Every structure is written in structure tokens, then in C-alpha cells.
Amino acid sequence: MPGLRGPSDYSREPARHPCLRINAKAPFNAEPPRSMLITTYVTPVDLFYKRNHGPIPIVDDIERYSVSVRGLIEHPKMLSMKDIWDLPKYDVTATLQCAGNRRTAMSKVRTVKGVGWDIAAIGNAVWGGAKLADVLELVGIPKFTSTTQSGGKHVEFVSVDMCKEENGGPYKASIPLSQASNPEADVLLAYEMNGEPLNRDHGYPLRVIVPGVIGARSVKWLDSINIIAEPCQGFFMQKDYKMFPPSVNWDNIEWSTRRPIMDFPIQCAICSLEDINVIKHGKITVSGYAAAGGGRGVERVDISVDGGKTWVEASRYQKPGIPYVSDDENNDKWAWVLFEAKVDAPHSTEIVAKAVDTAANVQPESVEEIWNLRGVLNTSWHKVQVRVGHSTM
């Protein structure tokens, strides 16, 4: 692509916040400390988790940068940034979450393959850009289209990001055309993050944002858009980011038997406490995030101070001081919900959090029942240990 190139090594990586916990250096994968994650509803750009598969691409000339839209359509086009900027701009507050969030905890049950993430491979940002539905209209695809006249049913996003998993080819992923062409799905070609141009780590100059779906489908450093008949056949759609039962191992896995993960399930985690904590008194503030995929709301967050025997309901909010109601049309429906509960812990104990979404989906109790060899979608109850005074557990 004119104006965009991928460096062949890691010599020109951007500067990053010094507090980030680095899970892999090359390619760079990092997350913020959990306590910093919930200090604000909108995650600062420098504290937003970084997920990469190769060196960060570099834009040489924004004037020459363009994205091709082609495939099973009548009128393929090359779109410049000006073409994208000229479309109506939308700001969508949406939470992105890596499918491997909380993988480290799953690996403690049985070893899994993948970057080790704590609970902060998630972030909430205000993404600014053009709706993909408007972009598709430029190439003759009306809104709410599920199949083009030429048989296109899926929209594939191809990055300039070259990765070893694709044998040196580009990272790519796809979503159904019915979702891409639906303006209410809020799929964006984003050029802003929190009111500023995207930085290099997060996809400058243009990336896809697919709200409510695992982060792997929100392709950064967009190179081209292809309208195709079948889902993308790339590595990360066909041989990764699929959910297998605990009985499947690397000897008996059959990738074709499972569909690619799209919506992320209901998730919550405690960010105000570490895995093991020592406190001087019995009053504790338990706070964290909850997120439901697919645009569903967070109906409830339950907190237990006795390992799950009894529960209290946490307060929930998006805007500080305004209680969150799960079916309120003024909510940011693609965004996380922050929660807080003040509890008494008179003795050493296990504190647990679990969330329920508006479809009554609830987090599973144990990691064991959802263990899978790639360590994805660990949405089990989040548990932390508290020791009061100098007691031992």
C-alpha cells in the first residue's frame, strides 16, 4: 500500500508508559496494572492494553495512504483518508477485550498456549470515525445487506501487519456482511481514539472497531477490505481464537469443528485488590469492571466475602454519580460498566465477583469447566485472597 509499510525489525517501536506490565517484548504485548485500569471510565490511550503480532507498522505519507475495497461487488474503489474523513463522523464508546484476558489464571489450572495476560487485557475508549455501513455504500452495498448480487456474505479486513502465524503474510479477520452493513452495529473505520488521532500502537492511521466482539476482529493498520463469500480463511479465524472443550488437546484438535469466536461472554474482574492482599482492618472497597458482549447490558454484579456462599449486589455505573440501569437507552451499550461494593471482612477470606448480563448469562464458577488449550475466554468467577492483620490463610 502506498504510504504504509511494516518495519522488518523492532528498532522503531513507539515509546510506551513505564508502568505497563510487559508480557512479551517482541512482538510487544503489555497491560496496565489492574488498580490503574478503573481510575477512569474511559481508559487513557497510554494505559490501554497493547496487543501485537509483529513490529509496529509505520506510515510514511498520509497523503498517499489508501484502502482498497474490492471482491464480490460491482464497483471496487480505492479510498483515501480524505474519502473516509468526508463521511459522517461518529463517536462510539466501546470496550475492546483480548480473548486471552485472564489467561494466566487459566494456565495455573493446566498449561495453555499463548501470551500470559492478567485481568487488564481490556480497555474502554471513545473511537471516532466513519461507519463501515456508510463506507460500503460507496461501493454500492446498501445498508442492511446480507448478500451482494455477486454472492458476497462476509467482509474481510486485511492489515499491513505481517506476522509469522500467516507465514509472513498479513493479519486478517472477517465479520458477516449483515453486521458490517448494519449502522446500528456501530462498526467503525476509526481514525481517532479518545478525541486524538490514533497512535501507532493502536492502528494509525486507520483501524476497524467491531464493538461487542473479541479484539482480534478489530483489525489495526487497515490495508484493504474484501467482500467474500465465506468467512476469512486466515490463521486467526481458522486455527486460533476458537473455543474447545477441556477434553481437546494438541493431539486430537480439529480446528474445522468449531466456529471463530465473535461476541465475548459476560466478564467481570476485581481491580481494587491483588490476587493476595493483607489489610489492617475489616472494611474493604471491592471495585472493578464488568463487560457483556454483543451489546448486552450488565444486569448485576454480585460480590461474596465468604468464597461464594452468600452474596451482595454491587453498585454499577458508567458516568460517575449516575447509577447504571441495564436497559437504559442512554447507556453506552458497547462499553464496560464499573462496579463498587463496600464489604466487611472480619477475618481472612476469599472475595469473589461474578456478573450477569441482560440475557441472564452468568459467569461460570470454576476455571476447570471452561479450560481450553489456547486459554481463551476465561470468564470464571474472579477470586482474590484477603488476609486480615498478620493472620495466615
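Colleague: Which residues gather in the patch of negative charge on the surface?
Modeller: The patch brings together E299, D327, D328 and E329. Patch residues have over 30% relative accessible area and no salt bridge, with like charges joined within 9 Å. Asp and Glu count as negative, placed at CG of Asp or CD of Glu. This is a predicted model, in which local features need pLDDT of at least 70 and side-chain atom pairs count only at pLDDT 80 or more, whereas totals for chains, interfaces and linings use all residues. Residues are numbered from 1 along each chain as its sequence is written, and side-chain values use heavy atoms, leaving out hydrogens and water.

Colleague: Where is E299, and why does it count as partly exposed?
Modeller: E299 lies in strand β18, residues 298-304 (strands are DSSP runs of E, at least two residues; helices are H or I, at least four). E299 counts as partly exposed because its relative accessibility is 37% (buried is under 20%, exposed over 50%, partly exposed in between; Shrake-Rupley, 1.4 Å probe).

Colleague: Changing topic, how many aromatic pairs are there?
Modeller: The whole structure has 10 aromatic pairs (ring centres within 6.5 Å; stacked under 30 degrees, edge-to-face over 60, the rest tilted). In one of them, F48 and Y49, the centres are 5.5 Å apart and the planes at 20 degrees, so the pair is stacked.

Colleague: Are F48 and Y49 buried or exposed?
Modeller: Both F48 and Y49 are buried. They also belong to one aromatic cluster with W117 and W127.

Colleague: What about Y289 and W336?
Modeller: Y289 and W336 form a stacked pair, 5.6 Å centre to centre with 20 degrees between the planes. This pair links distant parts of the chain, 47 residues apart: Y289 is in strand β17 (283-291) and W336 in the loop between β20 (315-317) and β21 (337-344). Y289 is buried at 0% relative accessibility, and W336 is buried with a relative accessible area of 0%.

Colleague: And how many salt bridges does the structure hold?
Modeller: It holds 20 salt bridges (a Lys or Arg side-chain nitrogen within 4 Å of an Asp or Glu carboxyl oxygen). Among them is K82 with D86, at 2.9 Å from N to O. K82 is exposed at 52% relative accessibility, and D86 is exposed at 52%.

Colleague: Which residue forms a salt bridge with D240?
Modeller: R374 does, the closest N and O atoms being 2.6 Å apart. The two residues are 134 residues apart, R374 in the loop between β22 (349-357) and β23 (382-388), and D240 in the loop between α6 (235-238) and β15 (267-270). R374 is buried at 9% relative accessibility, and D240 is buried at 5%.

Key: Patch = residues over 30% accessible without salt bridge, like charges linked within 9 Å, V, L, I, M, F, W, Y side chains within 5 Å. Buried < 20%, exposed > 50% of the residue type's maximum accessible area, 1.4 Å probe, protein only. Phe/Tyr/Trp six-rings, centres within 6.5 Å; stacked < 30°, edge-to-face > 60°.
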